[in-house]
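Here's a quick tour for anyone opening this structure for the first time. Take a look at it, then read on.

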Amino acid sequence: MTLWRDIKGTLQPFWITLGYLFQKPVTIQYPEVKRTPPPRYRARIVLTRDPDGGERCVACHLCSGACPVDCISMQAAEDADGRRYAAWFRINFSRCIFCGLCAEACPTLAIQMTPDYEICNRDILNLVYEKEDLLIDGCGKDTQYNFYEHAGIGVANERGRNQDEYGPVDPKSLLP
Amino acid sequence: MASIMFYLLSLILLTATLLCIFQRNPVHAVLYLVLGFFSLAIMFYLLGAPLVAAWEVIVYAGAIMVLFLFIIMMLGLAPQDRPEGPGWQRWLPFVILMAAVLACTLVIIALDPAATAQGEPYSLGPQDFGEALFGKYALAVQVVSFQLLFAAVGAYNLGRIQRGKGKP
Amino acid sequence: MNTAIITVILTLCKLALIFGVVLSMAAYLVLAERKLLGRMQLRYGPNRIGPGGMIQPLCDVIKLITKEDFIPERADKWLFLFAPGLTALTALLSFAVVPFAPPVTLFGQELPMVVCDLNIGLLYLLGLSSLGVYGVVLGGWASNSKYSLLGAMRSLGQLLSYELAMGLALIPVVLSAKSFSITEIVMSQATLPNLVKHPLAFLIFMISVAAESKRTPFDMPEAENEIVGGFHTEYSGMRFGLFFVGEYINLIVIGAMVTVLFLGGWHGPLLPPVAWFLIKVLFVAFVFIWARGSMPRPRYDQLMRFGWTVMIPIGVINILLTAAVLLAINS
């Protein structure tokens with residue numbers, strides 16, 4: 001009975017929408033009611049510190065290389081003890097697509113994504129975040145990790161002078 | 001009053017029809033024709049035949065001219081060298097004629113707000129119309145409708161896609 | 001002479017009243033449609049501006065007025081400017097013959113609660129609804145854009161096919177009322193509404209009137225996801241607004257038409273006649289909004305085939321049956 005099927009198929013949606021009319025909408029009324037995003041939600045990017053309070057970022061440029069929209073820029077600098085850090089670090093959030101590739105690329109867990117999604121602004125230049133805007137006082141997601149306990153220990157000595165370490169490669173030399 | 005309006009409307013009708021003939025753009029021509037049908041409808045109304053006036057608007061202005069527009073649009077008959085933004089003068093006759101038709105309608109409504117045309121000794125109601133159509137002139141109506149049916153069948157036969165021959 | 005002046009003043013009052021009521025109803029019908037559709041899709045409609053979004057129509061109007069009135073290059077300028085007004089005008093004019101209450105006696109004379117009680121009021125409504133397509137078609141053609149032209153052509157074809165079915169559905173009503181006057185059609189439904197007498201005609205009328213006024217199950221002329229916006233693709237600002245308002249006035253016109261022709265007009269128990277009329281009109285409008293929330297859009301060829309092979313034959317058979325039954329009862 002295709003006719004019966006057609007009539008049923010025509011009338012059934014009316015019944016269903018009438019039922020929906022009296023149900024409570026699923027909409028979350030945003031400015032008044034705010035959802036808590038899950039912890040791994042990818043929104044505003046921060047730079048974290050290690051448990052000792054030092055900056056984790058070693059200005060390796062991996063995040064800026066991974067960034068598909070090229071919104072991260074920085075300049076590397078070195079401490080007196082040879083520890084690298086970013087002289088300045090800038091994320092242009094008006095270009096950022098919150099893909100999280102920078103956080104995945106970061107070898108020191110310095111750059112991390114937070115669930116804070118309310119960063120919109122009327123002035124686009126306010127969306128360019130400098131290092132002081134990005135740097136937070138905590139450790140972010142991993143409170144234990146300290147890059148310098150696993151690598152780069154003892155950079156207090158000159159490069160190549162530590163134990164079990166070769167000297168730096170001289171790129172100008174023709175010898176292998 | 002009615003005779004003045006009759007002559008005014010006939011003038012509008014003639015002008016609109018002439019403009020319809022001399023328009024280069026087919027859609028504009030159809031518009032002038034529609035205007036002509038409107039004035040014709042009001043003339044029928046003045047003559048005490050509101051039913052014919054209504055049929056004039058529904059059938060001619062509302063259906064046949066719409067069909068004309070459909071064909072014109074489907075064939076893409078609009079001239080390709082259309083000037084950019086036609087000037088005010090090109091639409092002046094249409095505006096004036098339309099205003100005159102509207103003014104006539106308003107005068108009629110003002111004179112006879114109930115629109116019953118009671119004073120008319122020769123008012124033609126739906127019943128008289130139907131009796132004339134299906135009683136007195138029944139044979140003529142049947143002949144004409146059969147003619148239309150033949151025309152429709154003929155047009156279908158001519159336009160039919162024949163098997164193996166592609167489109168005629 | 002004195003009575004004539006009173007008649008003119010009262011007619012003007014009725015005009016102003018209908019104009020105001022219809023326009024504000026159209027504005028709020030937009031809001032009601034958005035809210036109802038929202039609730040049918042498990043969301044709230046517009047609820048930000050004013051209590052429950054009540055000031056939303058005003059904001060929409062302000063937005064539309066302040067937008068740029070854009071005329072496409074090589075468009076037929078005057079037709080382009082003139083077409084949206086035509087749509088709204090034909091929709092508004094239809095109210096002239098709709099009686100919304102029984103005649104009342106004021107200042108010692110009987111006052112019919114209708115602007116213009118034409119004795120061929122039904123034909124007047126049909127004529128205006130068939131002229132309403134000109135605004136859409138001329139606007140679509142004058143825009144000089146493919147999508148607009150496609151929308152205009154679809155609208156033409158749809159109107160031509162469904163106007164026939166609509167006319168056929170009205171004939172049983174006229175047969176049982178023995179008049180083309182809408183007041184008399186309403187009077188003839190004092191005991192039993194035409195919905196009970198002619199259910200098949202009612203069904204055909206509802207479907208064909210939805211197709212003719214481009215309500216959503218049949219909104220091929222403006223199908224957003226096939227031909228962008230159809231005939232109003234190139235329109236912006238208040239000219240688009242006129243098309244939009246015309247569409248909603250048309251919805252009220254349809255509500256009024258269905259009410260007076262099939263639901264018994266102002267007749268009803270307890271409540272005053274005007275209230276019954278308004279309730280019925282709003283209920284019909286709700287049914288159309290409901291259909292918009294429930295039905296998917298058919299394909300254009302399906303629509304045309306349905307119109308010509310189902311609606312029109314059923315309409316003709318319905319006329320024959322009604323005429324036979326009426327003849328049997330009368331003789």
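## Ground rules

A residue is called buried when its relative accessible area is under 20%, exposed when over 50%, and partly exposed in between, using a 1.4 Å probe and protein chains only. This is a predicted model, so to speak: local features need pLDDT of at least 70, side-chain atom pairs count only at pLDDT 80 or more, and totals for chains, interfaces and linings use all residues. Residues are numbered from 1 along each chain as its sequence is written, chains are lettered from A and ligands numbered from 1 in the order written, and side-chain values use heavy atoms, leaving out hydrogens and water.

## Chain A at a glance

Chain A has 176 residues, and 29% of them count as buried. Going along the sequence, the order is α-β-α-β-β-α-β-β-α-α.

## Cysteines on their own

How many disulfides turn up over all chains? A search of the whole structure finds 0, a disulfide being a pair of cysteine sulfur atoms within 2.5 Å. For A:Cys99, the nearest cysteine sulfur belongs to A:Cys67, 6.1 Å away. A:Cys139 is in no disulfide either, with the sulfur of A:Cys106 nearest at 14 Å. A:Cys139 counts as buried because its relative accessibility is 16%.

## A helix in chain C

Helix H5 of chain C covers residues 146-177, which makes 32 residues. From first C-alpha to last it reaches 46 Å, close to the 46 Å expected (1.5 Å times one less than the number of residues). H5(C) is mostly covered, with 25 of its 32 residues buried.

Within H5 sits C:Ser176, which counts as buried because its relative accessibility is 17%. The side chain of C:Ser176 reaches the backbone oxygen of C:Val173 at 3.2 Å. After H5(C) comes C:Lys178, with a positive phi near 60°.

## A nonpolar patch on chain B

Chain B carries a nonpolar surface patch of about 790 Å², whose members include B:Trp55, B:Val59, B:Tyr60 and B:Phe68. Patch residues have over 30% relative accessible area and no salt bridge; nonpolar side chains (Val, Leu, Ile, Met, Phe, Trp, Tyr) are joined within 5 Å, like charges within 9 Å. A salt bridge puts a side-chain nitrogen of Lys or Arg within 4 Å of a carboxyl oxygen of Asp or Glu.

B:Val59 belongs to helix H3 (residues 50-75) of chain B. B:Val59 counts as partly exposed because its relative accessibility is 33%.

Note on methods
Areas by Shrake-Rupley, 256 points an atom, 1.4 Å probe, with all protein chains shown as cover. Helix = DSSP H or I, 4+ residues; strand = E, 2+ residues; numbered from the N terminus. Polar contact = N/O pair within 3.5 Å; in protein donor to acceptor, adjacent residues only side chain to side chain.
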